[in-house]
Amino acid sequence: MTDSKYFTTTKKGEIFELKAELNSDKKEKKKEAVKKVIASMTVGKDVSALFPDVVNCMQTDNLELKKLVYLYLMNYAKSQPDMAIMAVNTFVKDCEDPNPLIRALAVRTMGCIRVDKITEYLCEPLRKCLKDEDPYVRKTAAVCVAKLHDINAQLVEDQGFLDTLKDLISDSNPMVVANAVAALSEIAESHPSSNLLDLNPQSINKLLTALNECTEWGQIFILDCLANYTPKDDREAQSICERVTPRLSHANSAVVLSAVKVLMKFMEMLSKDLDYYGTLLKKLAPPLVTLLSAEPELQYVALRNINLIVQKRPEILKHEMKVFFVKYNDPIYVKLEKLDIMIRLASQANIAQVLAELKEYATEVDVDFVRKAVRAIGRCAIKVEQSAERCVSTLLDLIQTKVNYVVQEAIVVIKDIFRKYPNKYESVIATLCENLDSLDEPEARAAMIWIVGEYAERIDNADELLESFLEGFHDESTQVQLQLLTAIVKLFLKKPTETQELVQQVLSLATQDSDNPDLRDRGYIYWRLLSTDPVAAKEVVLAEKPLISEETDLIEPTLLDELICYIGTLASVYHKPPSAFVEGGRGVVHKSLPPRTASSESTESPETAPAGAPPGEQPDVIPTQGDLLGDLLNLDLGPPVSGPPLATTSVQMGAVDLLGGGLDSLIGGPNFVAPPAAAVPASLGAPIGSGLSDLFDLTSGVGTLSGSYVAPKAVWLPAMKAKGLEISGTFTRQVGSISMDLQLTNKALQVMTDFAIQFNRNSFGLAPAAPLQVHAPLSPNQTVEISLPLNTVGSVMKMEPLNNLQVAVKNNIDVFYFSTLYPLHILFVEDGKMDRQMFLATWKDIPNENEAQFQIRDCPLNAEAVSSKLQSSNIFTIAKRNVEGQDMLYQSLKLTNGIWVLAELRIQPGNPSFTVLQLSLKCRAPEVSQHVYQAYETILKN
Amino acid sequence: MIGGLFIYNHKGEVLISRVYRDDIGSQIAGSALFSSSRPFLEERRNAVDAFRVNVIHARQQVRSPVTNIARTSFFHVKRSNIWLAAVTKQNVNAAMVFEFLYKMCDVMAAYFGKISEENIKNNFVLIYELLDEILDFGYPQNSETGALKTFITQQGIKSQTKEEQSQITSQVTGQIGWRREGIKYRRNELFLDVLESVNLLMSPQGQVLSAHVSGRVVMKSYLSGMPECKFGMNDKIVIEKQGKGTADETSKSGKQSIAIDDCTFHQCVRLSKFDSERSISFIPPDGEFELMRYRTTKDIILPFRVIPLVREVGRTKLEVKVVIKSNFKPSLLAQKIEVRIPTPLNTSGVQVICMKGKAKYKASENAIVWKIKRMAGMKESQISAEIELLPTNDKKKWARPPISMNFEVPFAPSGLKVRYLKVFEPKLNYSDHDVIKWVRYIGRSGIYETRC
């Protein structure tokens with residue numbers, strides 16, 4: 001007898017026919033009809049109309065029929081909640097059936113019917129089943145608690161099911177224990193704070209005992225649960241490891257990987273000097289290698305995990321290079337992953353073998369794989385210096401094959417080799433240039449252009465080559481355009497006489513005819529640099545390049561540590577934290593490796609890595625997101641990353657600032673006129689700004705049209721410390737409103753979303769006036785500029801130093817902290833001009849001990865300039881006197897919290913370069929004086 | 001955990017769909033495909049469709065067995081032209097999901113044979129019943145066929161006595177879930193097969209780039225009661241350990257012992273005992289099962305050596321000469337020998353001469369296939385071929401895939417030897433001596449390639 005007939009296509013009136021059959025008296029006919037209904041359901045037909053008729057078949061002693069009806073119920077109950085109630089009685093009755101299989105079936109099915117009314121009736125049967133004498137019923141009931149919790153968490157708590165479930169961890173039957181652990185783990189995930197899975201040495205012991213006895217799946221549940229436990233010291237960690245290691249010989253790869261996860265995690269706590277540590281390392285390698293003889297899909301999961309393990313603990317597999325050699329018949333996803341791991345394991349000892357393999361792979365069929373192989377050769381050259389020469393010659397051989405994508409890929413990697421080993425392999429440039437015409441991919445074109453620009457002085461016809469690219473400038477991708485622009489400027493700086501025309505051409509193409517702001521900006525910078533100071537231009541454009549790193553595509557250490565905690569799971573396959581692909585709160589609890597603490601040692605603070613340990617092993621003690629944002633006070637915040645306004649800008653910094661701040665406002669300016677193409681004017685700023693003071697600001701690379709002085713953006717939070725998020729910023733005050741101008745750059749490999757910001761209490765009550773608005777998710781390598789309005793109504797706490805501001809920024813990855821010093825002048829209010837009489841009275845009134853004296857040196861400004869400069873930052877001049885050839889300015893300012901500061905500024909004219917300003921400040925709160933002085937200095941010197 | 005499980009045919013039509021969790025399916029790409037008259041059902045259909053559209057119907061070759069579509073992850077395996085897909089929205093244990101899918105295939109195969117569209121349609125009620133049993137709320141449950149067959153029968157419910165019922169449940173949940181009590185055989189018999197596949201990658205110059213043996217010990221047991229078994233082989237670690245006591249034995253057997261890189265065991269083997277004493281003890285399932293898998297890389301006997309010689313004569317001709325040498329005892333015979341010599345895509349004609357066996361150019365496979373039925377040890381044979389090529393303007397050189405080989409030999413290339421398999425059954429009165437035991441060694445080629 002076959003069932004396939006049920007799948008035959010349906011005619012009209014089928015539902016009607018089925019209805020009749022369902023109500024037939026003959027059992028066989030009924031069963032046939034239900035089968036047809038299920039078949040229709042499977043292929044996606046709507047058979048919900050038959051609900052009452054199918055439910056009528058439920059009362060039967062035929063188990064097969066019952067199961068079919070239950071299946072139907074699970075599918076349709078939600079759409080027919082009222083009628084589903086009809087089934088409740090049967091369920092309740094079945095839960096009392098003498099046959100344990102039927103009891104279990106009833107409780108299992110009932111949990112799958114997600115209808116509120118039904119769940120109420122479920123409680124009593126479930127309670128009984130949890131204490132059933134038959135383990136089969138108990139293990140089913142354990143999972144049912146998790147089902148019920150998913151429907152109605154409150155009900156589960158109210159009914160005390162959680163406690164019953166906890167009791168099941170001590171059950172005599174290992175499978176009941178395993179299912180209880182699975183259910184509790186799942187429930188605990190949605191209550192990160194609750195101490196539901198109260199793991200302690202006793203319960204761990206029970207789990208480890210059950211581990212030896214339960215099914216392969218149960219072992220996985222238990223191991224995954226164990227991985228969440230943090231042993232209290234290294235001794236406990238070791239004893240758990242000892243009991244988990246036998247699992248490495250299990251035939252089920254998932255058991256092996258989960259055991260590896262527990263071991264990798266607990267190993268963190270073991271001292272490297274321990275004999276056991278070495279033993280454990282040795283024990284880990286063989287099972288990992290064995291995973292590679294599993295089915296391809298599992299191999300893939302294993303390889304993705306090995307990729308993480310190799311990054312975390314390279315020593316485990318360093319001798320196992322050969323097993324990662326690609327087999328001709330491996331599926332492509334296995335091949336690509338193996339290649340990745342081969343590169344990570346490449347070292348001086350095995351490089352010859354690796355290179356021979358890679359060369360072999362470069363002739364394979366799959367384009368992606370070949371490209372990756374070629375790229376891998378380049379990476380070997382960079383990683384193992386001794387092999388560089390061989391790699392380059394291999395790459396040249398490959399270029400000779402003239403296979404288009406091989407050539408292009410080779411050129412991209414040769415560019416990196418040039419960067420790593422300057423002045424060593426330039427002899428190959430000629431060969432590269434031969435292939436110029438065949439390059440049709442942006443990355444390869446850009447790499448080639450970079451090479452031509454970088455070595456312009458050695459390539460006789462560099463100008464011709466670059467000119468040939470210039471013809472189709474607007475059809476090129478941005479990457480190529482930017483590279484071409486830079487390369488031609490380099491060429492110009494190296495051979496100014498012959499290439500003037502070329503450089504003008506590219507500058508005008510980039511600035512006038514392009515819609516791309518990046519390109520325009522870069523064009524303007526070069527243009528301005530070249531016109532104002534060619535020497536500086538040379539220093540900027542031809543600056544010494546920083547070394548490129550040996551390892552590429554490394555996962556950031558914090559993310560890596562987190563992923564190690566997720567070995568075996570999807571997160572480890574995607575190399576992304578669960579929050580990146582799991583919706584809602586479930587399963588997104590941040591996990592971190594346990595800190596290495598011997599029994600006596602105390603936990604180290606986040607700033608000090610354990611001596612001798614590489615930074616990757618730094619313990620991660622950032623608490624979980626939930627309780628964090630509220631309370632920053634008890635956190636051990638490190639020293640401020642950088643003081644923003646006082647830094648003097650170096651040449652290189654200058655270039656960066658131009659990009660970041662100045663030009664943006666320039667281009668948006670209303671009076672903007674594009675610089676004429678023919679003659680580059682001496683002062684590019686001239687046609688742009690709207691006043692003398694603006695011009696001054698602009699030439700120093702800082703553009704504000706009105707309002708206080710704005711310091712260039714400084715990096716507040718380097719990407720290294722924030723899992724790839726880099727934050728730089730500055731503070732501005734414009735027409736009475738303070739804002740924090742932030743620039744967020746995503747230097748991680750994953751998209752960032754869900755940004756939020758919060759300040760700790762601070763001296764002046766600065767607080768965000770609006771939430772941090774990042775509209776679109778921030779993709780890798782993207783930068784976004786945000787102006788965050790601030791107010792001063794937040795809660796106040798005196799900070800040390802006074803202008804210290806501690807900030808927490810959250811995104812989907814984590815919460816990060818940094819602190820910064822804000823310039824005090826952002827707090828100077830617009831109505832800070834004091835009446836003359838008032839000024840005199842106040843000056844006298846404030847005791848002399850509150851007066852502070854400062855000197856501002858090297859400020860070649862006269863009284864007018866000083867006065868106007870200060871006024872724009874809300875420091876108001878009330879009176880001016882000339883005493884014995886010295887200009888005296890009397891000034892006042894008011895802070896947002898109402899504190900007045902009075903100033904007497906003495907200007908000694910004379911030799912402009914030696915002007916010294918004497919500043920006397922009087923204030924009722926003398927502690928602000930120092931910061932007011934710093935504000936003066938900053939404003940006047942910029 | 002697993003949110004749902006779908007089985008599709010090669011066209012992407014759903015044969016089986018079982019949803020365990022509601023979270024899968026909402027807002028998945030491709031929702032426009034279905035009319036919106038059934039919003040609730042449609043949610044589920046969407047997950048089904050997303051996989052069809054993005055994976056089964058994708059023109060490209062499958063780039064990953066795990067696909068993420070709109071925050072939903074799909075795990076799939078393919079058996080002939082049937083796709084099995086597990087769907088989830090959570091951070092599940094990925095290794096477990098694949099292991100489960102394989103297990104699911106095993107269970108289905110044990111019930112109705114080959115996994116084909118026809119068989120699945122014929123047994124869909126059974127499959128639903130199985131899915132209900134072995135996966136609860138997405139958590140895999142006992143999936144040992146032996147246990148399942150005791151109560152999922154498709155014969156309708158047999159009137160079971162109370163004892164029978166509780167025996168079933170205790171077996172399904174018990175410590176020895178893979179064996180039921182009360183098995184009786186008139187003749188106690190067991191068969192051990194040591195099945196090895198030897199893998200090789202050799203350079204054209206004859207240098208071994210990588211070689212390993214992956215072996216399996218498959219046991220077929222027809223034993224009464226609950227027998228305790230102990231399995232012993234010439235494992236270097238065990239032999240050396242014992243050797244400490246009796247120096248004689250070391251010198252006698254030391255040479256024959258092999259170094260096992262790693263091994264994994266069927267769940268019936270007591271792993272903690274293996275870990276501490278390296279002894280393999282277990283109560284076997286009834287019938288056939290895989291006792292262990294192992295891997296060795298040292299001192300492998302490579303049964304064949306392939307010596308290739310490829311010469312390009314101008315742009316339109318290739319000359320190929322391949323010599324194979326058998327490298328084992330002359331008294332043994334290798335069987336089913338097949339050498340596959342790849343030819344370029346632009347081959348127009350091939351002339352082959354071989355000393356032994358039959359050789360044929362198979363244009364559809366782009367290879368010359370040379371078959372030899374039998375070959376004794378320490379022999380040599382040769383094939384030469386002239387390949388005519390069509391002139392092409394394809395710049396890319398021919399990739400020269402490796403020459404691969406298939407064979408079967410009656411010994412274990414790793415050198416593994418079964419030393420003993422002892423059976424104890426304390427309750428029934430048969431002893432180890434009464435059990436009839438058979439041991440067989442088969443070495444097969446895995447991926448046995450020589451680059452040319």
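Between chain B and chain A of this predicted model, the count of salt bridges is 12, a salt bridge being a side-chain nitrogen of Lys or Arg within 4 Å of a carboxyl oxygen of Asp or Glu. One of these joins the side chains of Asp132(B) and Arg108(A), with an N to O distance of 3.2 Å. On the side of chain B that touches chain A, helix α2 (residues 94-112) of chain B gives the most, with eight residues; helices are DSSP runs of H or I with at least four residues, strands are E runs of at least two, and both are numbered from the N terminus.

How much area do the two chains bury between them? The figure is about 9,200 Å², 55% of it on carbon and sulfur atoms, where buried area is the accessible area (1.4 Å probe) that two parts lose on being put together, summed over both. The contact (heavy atoms within 4.5 Å) takes 113 residues from chain A and 97 residues from chain B.

Turning to chain A itself, its secondary structure comes to 37 helices and 13 strands. Of its 942 residues, 58% are buried, that is, under 20% relative accessible area (1.4 Å probe, protein chains only).

As for conventions, residues are numbered from 1 along each chain as its sequence is written, and chains are lettered from A and ligands numbered from 1 in the order in which they are written. In this predicted model, local features need pLDDT of at least 70 and side-chain atom pairs count only at pLDDT 80 or more, while totals for chains, interfaces and linings use all residues, and side-chain values use heavy atoms, with hydrogens and water left out.

Technical notes:
Buried means under 20% relative accessible area, exposed over 50%, partly exposed in between (1.4 Å probe, protein chains only).
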